[in-house]
Amino acid sequence: MDFFKNIGILLTNSKYMGMLLEGLGKTLLISVFAALLGLLLGTLVAIVAIAKDSKAMKLPKWICKIYVTIIRGTPMALQLFIMAYAIFAIRGFPQEITAIIAFGINSGAYVSESIRAGILSVDIGQTEAGRALGLTNKTTMMKIVIPQAIKNVIPAIGNELIALIKETSIVSMIGMYDLTQAAKVIGAGNNMASYIVPMSVAACFYLAIVYLLTFGIKKLEARLRAGDKR
Amino acid sequence: MISVKNITKKFGDLTVLRGVDCEIASGEKVAIIGPSGSGKSTLLRCMNLLETPTSGEVWLDDKLISDVDPYLHEEIVAVSATCARSVQAGVASEQAVDEIRKKRSLGKWEGSAYKNAIKEYAAEHGQNINLARRKMGMVFQHFNLFNNKTVIENLTLAPIDLKLKTKEEAEARAMELLNRIGLADKRDEYPSKLSGGQKQRVAIIRALAMDPDVLLFDEPTSALDPEMVGEVLDLMKELANEGMTMVIVTHEMGFAREVADRVLFMDEGHIKEEGSPEELFKNPKDERLKEFLSKVL
């Protein structure tokens, strides 16, 4: 069983493990900051999208609509290339930041739709009850509607985060050294000369991250659902 | 206390209220009855502006809480550009004003004098709706307790957030009210753990926790199981006996008869008949009311 022997070699070889961990670090770095950027952008866009129609909101609403349409309608790899080779094609510009911005903007478009649906899913009676007590629209949103909306959107946001983590693997296409790229380099002829071993180990790393994330989301959801009957 | 002046309400092509006037005096209990779709809930919701009237005005204690309706004010119509054009064409100014009000012929643009007249009127008589709503409690058909808050938080959220009471004062008042309805042991439960009747009674005391001057009830027992209707009506009767001003949209004719000082019968967006419960239920004059009563009594 060469496969298991080679896995043993890989896991005990400090050079190979160092390469994998370096790649893993970069994958996590991009994922975490892109997710934060995506959540921020997504929330902003969702709030603009559900705001009442008025003259002042016309342009922001239009911009948000175009943003969501374009980002959801074009491939992620293409968006990443445009960021890396056109918009941030500056010598010495950190590739990590390029990737974070590209993935954050992409994620924001999907997150905004989830959050918008979540806010709309909260019974209008909740808003009416808040307003009828004399609370402002903002207070009603912040204290009553959004906390309930968050509970509803967590599963969808969780899905989006999982997709985001795995999608960051395409940064190798602009020459970045992430977990996937590390596995590829280790498997190349001048190293282990076997792709299946490092690729399997990298797959396990991804699986572990996603599993931990899923677990965390379940816990969070359970805590937020304390007030529900279901 | 509340005056509703010539209110209309349209939802797209559907006209729900077709010019309704009514006055609610302090301490009065008014029941609004009528077939479904007659506009009774919409009228109630216009009183605290949960629905914005298409035209007409709502006043609370001599303060205008809705937008200014120019057609209700001769002096505003008189400075409009349309009026100025008529006067220029040789029409007497009073006649021009009358004609505009009758035909409702004001356009989108009526000049800056007109705009300023509306602004000045609103500044002089108007009141912020959020301030007005603190004085008008509302009880909904579907309770609308805040699902993400416990019972005690439901009762104290608004008084604390609006800085009407400190946390201690608000909680003391909330406990007093909870004791009154016998639900003090539910203070830390979430609304989903309460029965329908309990929810509605908590919703009523949530409105009371704001120390309102008037309570608006929108079919408060329609969503309840029959055996829970009694406990809610009993609480409402208690409040009525204490002298609370109440406007109640209801299908409970027995309750309207017993508690109301005045009953309004609505049909097709109009108040078709109003009067004391005795006259209205015993000697209905309007044909639609007779038909309606024969079905529900």
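In which kind of crossing, left-handed or right-handed, does α2(A) pass α7(A)? In this predicted model, where local features need pLDDT of at least 70 and side-chain atom pairs count only at pLDDT 80 or more, α2(A) passes α7(A) in a right-handed crossing, the near helix being turned clockwise from the far one by less than a right angle. Residues are numbered from 1 along each chain as its sequence is written, and chains are lettered from A in the order in which they are written.

**Helix packing**
- Helix α2 (residues 14-50) and helix α7 (residues 137-167) of chain A, both DSSP runs (H or I, at least four residues), pack at an angle of about 140 degrees with their axes 11 Å apart.
- Contact (heavy atoms within 4.5 Å) involves residues including A:Thr27 and A:Leu39 of α2(A) and A:Met141 and A:Leu164 of α7(A).

**Largest cavity**
- The structure holds one cavity of 30 Å³ or more, a cavity being a set of points on a 1 Å grid where a 1.4 Å probe fits but cannot get out.
- The largest cavity has a volume of about 40 Å³, and its lining residues (an atom within 4 Å of a point) include A:Leu133, B:Phe140 and B:Arg206.
- α9(B) gives the most to the lining of the largest cavity, with three residues.

Methods. Side-chain values use heavy atoms; hydrogens and water are left out. Axes are lines fitted to C-alpha atoms, for helices over the stretch in contact, and angles run from 0 to 180 degrees between N-to-C directions. Helices (H or I, at least four residues) and strands (E, at least two) are DSSP runs, numbered from the N terminus. On a 1 Å grid over the protein atoms alone, a cavity is a set of points where a 1.4 Å probe fits but cannot get out, and a pocket is an open set with protein on both sides within 12 Å along at least five of seven lines; lining residues have an atom within 4 Å of a point. Grid points are joined across faces, edges and corners, and a volume is the space filled by probe spheres set on the points.
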